[in-house]
Amino acid sequence: MGAGAQSGRQLRVLAAEDEVVVTHEDVDRAHDRARVTAARGGRGLRGRAWLLWLLIGPGILVMLGENDGPSMLSYAATGAKFGIGFFLPFVVLTFGMALVVQEMTVRLGAATHRGHAELIFERFGPFWGWFSMIDLGIGNFLTLITEFIAIRAGLGFFGVPPWAAVLVALAVLFSALLSHRYWTWERAVLAAAAFNLIFVPVALMAHPHWGAVGHAFITWKPLPGFNRDTVLIVLSDIGATVTPWMLFFQQSATVDKGLTTKDIRFGRIDTVLGAGLAAAAAVGAILATAPLFGRISAENFEAAQFAQALVPLIGRFGASLFALGMVEAGIVAAITISTSSAYAFGEVTQRPHSLNLPMTEGKSFYAVLGLCAVAAAGIVVIPGLPLVFVVLVVNVVAVLAMPPALVFLYMLVNDREIMGDLVSPLWASILSKGIVIVLTATGVLYGVSIIAPNIFAALGGK
Amino acid sequence: MESGNPHGVSRDDQNVVLSSLEPDQLVEAKKRHIPRRRFKDSELVLLWGLRVYLLFMLAVVAYQVWTAAR
């Protein structure tokens, strides 16, 4: 294990006397690491900034990647349905939850140099490993479908037909893979992900009432009514920030990037930066659609309809930016989610799995990545399919699948045999247990709202 | 400069790898297995409980979709 795994030395997997077999994947990663080693010698602010630039990536990508099609739709629906109030600070809080959870994957990846799926299979065995994989596989595929729905709807605002919209998205996804280098892929996707912040200027165009915004952040008011719609939006907004694919993606990307225990501090900064940027975009989406509060019904609204409804309020240009934001959200998430599926597949089947692999050495990795994306894109262009239901439930399913995934994460990150001194401190363990309880309780509340809605009515809701 | 490495990696690149990567980061190192962990009874109860919770809740989601589709 890594240098920080002091008491896990018995697990060290490569003895000094072993013959060293070096692959192209190792060489590419080593060149990236050599630049990091050289940058460590840099002094002053410029030197630290250069080192940070080299080490950021997985955290920002995972957070902006999770600001995906259904997430941005969820935030847009939140703004349109509830206006400025409780949900503004609530959404920021959910990014705090995501931060606590994702930081653990940085430590796990840096300390063990193993992906999340691989660790679950190795430490807990294939029985529990396959359960975990089934949860991930179903969740990822449903979410991928919704990414292409968002792309289709966003480009539909500009009159692009569905088949052309998904082809554009697939072309971008495959273009990012052409270099066969993790570093180049990461930088290309980071550049695309930065476009997620387009929701901030869109929010400014909506001229939000800053007094009300400040009041909402301080008091968490006005509170929404206690009813089934509120529970669904709460669940949907949580599912928009914490989902199982994020755990698998960030840990695998941390390993693929080659981060070590020396880089954990920068991995944390990367994750905090990602959470901050993603929270800004999420709040932007809520503020952008808040003027629609009381004017429209946000039931089952798709991206293009939100953009259309915003035209009278923020103009055609602002609405176009909103629609483009949805397209970007869908494309970046389609890239990161299909990559997370490919990483997990390679890890459990022990086939090569890295974005540093040449096509000839990583056929199964690239095949899984491409097939997931193509299959999801294909479903979206089938006429007459009730796609809106997928959008409706995908964030809910993500929240429901999170507690089992978090328990595995909690057990791994507190496993002294593989983590050594890098196990979670007490405060982080308490926080992660609290998150599992909150997520489970929210899921139960949702179940009650569906099975026994009369209880909500009795409590004063609808 | 070629080495006897089966992947045809040059000696210079091998040197970069050996100086820049930790031994456990090598692809070859990851083929070694990590020992299996034994679950405590309480952990097994928790894992099975969450599995049942997830299956039940997914049934609830399916029910919601079905009622919405009617």
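1. A cavity, on a 1 Å grid over the protein atoms alone, is a set of points where a 1.4 Å probe fits but cannot get out. Grid points are joined across faces, edges and corners, and a volume is the space filled by probe spheres set on the points. By this rule there are three cavities of 30 Å³ or more.

2. This is a predicted model, in which local features need pLDDT of at least 70 and side-chain atom pairs need pLDDT 80 or more, while totals for chains, interfaces and linings use all residues. Residues are numbered from 1 along each chain as its sequence is written, chains are lettered from A and ligands numbered from 1 in the order in which they are written, and side-chain values use heavy atoms, without hydrogens and water.

3. The largest cavity has a volume of about 150 Å³. Two or more lining residues come from each of α7 (126-156), α13 (244-257) and α17 (387-413) of chain A. Helices here are DSSP runs (H or I, at least four residues), numbered from the N terminus. The lining has seven nonpolar, six polar and three charged residues. Asp, Glu, Lys and Arg count as charged; Ala, Val, Leu, Ile, Met, Phe, Trp, Tyr, Cys and Pro as nonpolar; the others, Gly among them, as polar.

4. The second largest cavity holds about 60 Å³ of space. Its lining includes Asp32(A), Arg33(A), Trp183(A) and Lys257(A). α1(A) gives the most, with four residues. By class, the lining has five nonpolar, no polar and four charged residues.

5. Now the interface. Chain B puts 46 residues in contact (heavy atoms within 4.5 Å) with 63 residues of chain A. The buried area is about 5300 Å², and carbon and sulfur atoms give 67% of that. Buried area is the accessible area (1.4 Å probe) that two parts lose on being put together, summed over both. In chain B, Asp24(B), Ile34(B) and Arg51(B) lose the most area to chain A, together 13% of what that side buries.

6. Which residues form a salt bridge with a 3.8 Å distance, N to O? They are Asp415(A) and Arg37(B). The rule finds two salt bridges across the interface (a side-chain nitrogen of Lys or Arg within 4 Å of a carboxyl oxygen of Asp or Glu).

Methods. 1 Å grid on protein atoms, 1.4 Å probe; cavity = no way out; pocket = protein on both sides within 12 Å on 5 of 7 lines; lining within 4 Å.
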